[in-house]
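Welcome! Let's look at this structure together and ask what stands behind the words used for it.

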Amino acid sequence: MSRLQSLQQAENLDDLAKLLGFSPTGLSYVLYRIPEDKKYRVFDVPKKGGGVRIIKAPNDRLGLLQLRLAELLSDCGEEIRKKKQNHWHSSHGFRKGRNIISNADAHRRRRFVFNLDLEDFFGTINFGRVRGLFIADKAMALRPNIATLIAKIACHDNALPQGSPCSPVISNFVGNILDSRMLALARDGRCTYTRYADDLTFSTNEKIFPKEIAVNLFGADWGIGERLRKEVEGAGFQINHGKTRMFLRQSRQTVTGLVVNAKTNINQDYYRTVRAMCHSVFKSGTYHRETPAGAKTTTNLAPLEGMLSHIYFVKARRDRTYKNNSAARDAGEFRPPEAPVRLYDKFLFYRRFVALPAPLIVPEGKTDNVYVHSAIRNLVSSFPRLGTMSGTKFECLVDFLKPTPITKDVMNIGHGASGQNALISKYAKQVKRYPHKPLDHPVIILCDNDDGPRAVFSSAGRLAGKTITKQTTDPFYYLGDNLYLVKVPEGTPATDRDMEDLFDPVLLAQKVGGKPFDKKKEHGDGTAYGKEIFANQIVRPNWQTVNFENFRELLERIDQCITDYSSRKPAGSP
């Protein structure tokens with residue numbers, strides 16, 4: 001039975017709770033026992049064009065419930081999409097495989113591109129609309145009491161709150177009614193239509209733009225066509241008349257912030273601004289950022305990383321598309337985004353290794369982070385430089401480099417010992433690129449003591465000026481700048497040891513689903529379970545009871561790196 005069918009057959013709260021992975025008692029508690037004023041944290045964020053946006057972030061329990069509901073409804077929507085061609089056909093926001101790039105791509109190389117926004121998009125979708133839609137929509141056809149429960153989970157103050165995980169997908173269900181009207185209007189006017197959340201776009205290559213959609217008032221000013229206004233209002237929305245924009249072919253045409261005149265691309269002014277911000281950071285550690293309240297100087301690197309991630313996301317996806325398009329190659333449109341990727345790489349290295357906010361551990365295996373973090377938490381009273389415990393709240397005072405597609409594709413730091421070796425080999429050269437290099441904390445390469453990191457030992461030995469092998473037993477090796485190497489303790493006598501060898505044999509012998517643990521497997525197979533299950537189902541949830549005594553020497557080595565580096569910090573570092 002599909003997820004949609006299961007939802008359609010749900011009869012009561014117990015059935016819905018089961019579909020959402022909650023107990024009936026747990027679902028009832030979230031809906032009826034938590035006071036309304038405790039369900040959300042309300043705060044403002046400034047808008048680019050001035051003013052503020054009200055964000056209502058749900059508490060943890062309600063947030064999890066809404067996330068599960070969002071996943072369920074998203075699956076149902078995609079299932080309907082496979083049966084009904086026009087369902088979510090024009091929607092590019094909040095959907096798997098759709099994004100601002102796919103939305104903008106639909107309007108490339110057009111004579112006219114017309115954008116308009118809806119007023120208070122989420123706020124106009126109230127409890128009654130949500131409940132009524134899931135009852136009346138023939139594709140959903142939910143029982144009234146189930147539709148009521150969904151609306152109660154989703155709505156706050158009689159509207160979809162901005163900040164809820166399920167508001168976007170529900171808005172797509174409600175917005176689908178609007179999209180049907182807009183598609184009919186676009187078809188009559190020989191236009192292409194798409195919607196990204198509250199941002200609607202029409203485009204055409206016709207010589208005259210259809211007056212039913214937009215009317216040229218005078219000069220460069222355009223107004224909303226009467227039929228368009230009526231259709232939008234008939235679907236229960238209002239147009240934000242201050243945000244209507246007509247772009248002609250001879251001007252820069254943008255859709256959801258991307259330029260679409262020839263190929264979907266980042267606005268070059270935006271890229272140049274971000275590049276200037278990065279150069280300022282590399283030079284002084286600060287940069288100027290425009291805000292609704294005016295320009296300000298900041299050291300907060302998170303917004304800048306978000307901008308670079310956006311640029312990379314657009315350019316990498318766009319160029320992968322064009323690379324596979326022979327017509328685009330023949331037209332000379334494919335240009336690999338070398339400069340943006342180099343800039344992103346330089347920024348990420350600066351933030352991760354040069355201006356790092358805490359000591360950083362670079363593990364060999366993906367699960368090593370779980371092991372070390374859990375060991376620090378268990379032994380926190382012995383290692384105050386690695387973590388603190390206040391009551392039941394634990395704070396880890398070291399960071400861990402997590403392998404991601406970005407670290408591999410942009411920074412060329414792959415997973416495992418090969419990635420560690422690549423980092424060691426280029427580290428000194430990379431650090432020299434930055435005029436501003438605080439290097440406030442050490443970066444600690446953490447590897448097993450076996451044949452796997454043989455190349456790591458060789459590269460590190462050259463930098464440390466000494467031989468490093470499986471038999472050497474130094475607590476740590478200083479490799480220059482703020483870089484260190486630490487091995488899993490070798491034992492006496494020194495022997496091959498990996499991180500899993502530090503656990504009690506009884507724990508390693510524990511079975512999951514009747515299968516034994518095989519430390520040589522990452523994910524496991526039909527005969528044994530691997531490291532991921534061991535780390536996340538056995539070690540992490542049982543950090544209080546797992547015996548971490550054999551990790552004590554490893555944590556002492558990490559602690560010694562921090563102590564040693566405090567005497568080596570560049571002058572002026574805190």
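Q: What covers the buried residues of α20?
A: The cover includes α15 (368-378) and α19 (505-508), where contact means heavy atoms within 4.5 Å. Helices here are DSSP runs of H or I with at least four residues, strands are runs of E with at least two, and both are numbered from the N terminus. This is a predicted model, in which local features need pLDDT of at least 70 and side-chain atom pairs count only at pLDDT 80 or more, while totals for chains, interfaces and linings use all residues. Residues are numbered from 1 along each chain as its sequence is written, and side-chain values use heavy atoms, with hydrogens and water left out.

Q: Which residues of helix α20 are called buried, and what makes them so?
A: In α20 (residues 531-539) they are Lys531, Phe534, Ala535, Ile538 and Val539.

Q: How do you know where around the axis of α20 they sit?
A: Their arc is only 115°, so they lie on the same side of α20; the arc is taken from the directions from the helix axis to the C-beta atoms. An α-helix has 3.6 residues a turn, so residues three or four places apart point the same way.

Q: Why are β17 and β19 said to stand at the edges?
A: The open sheet has 5 strands in the order β17-β14-β18-β20-β19, with mixed pairing. β17 and β19 (477-478) each have a single partner strand, so one side of each has no neighbour in the sheet.

Q: What makes β19 and β20 a pair?
A: Two strands pair if DSSP finds at least two bridges between them. Here 2 bridges join β19 to β20 (residues 483-487), and the strands run antiparallel. Tyr477 has Leu485 in β20 as its bridge partner.

Q: What makes a space a cavity, and how many of 30 Å³ or more are there?
A: On a 1 Å grid over the protein atoms alone, a cavity is a set of points where a 1.4 Å probe fits but cannot get out, and lining residues have an atom within 4 Å of a point. The structure holds 1 cavity of 30 Å³ or more. The largest cavity has a volume of about 90 Å³, the space filled by probe spheres set on points joined across faces, edges and corners. Its lining has 13 residues, with Val362, Pro363, Leu401, Pro403 and Gly414 nearest the centre.

How values were computed: 1 Å grid on protein atoms, 1.4 Å probe; cavity = no way out; pocket = protein on both sides within 12 Å on 5 of 7 lines; lining within 4 Å. Buried < 20%, exposed > 50% of the residue type's maximum accessible area, 1.4 Å probe, protein only.
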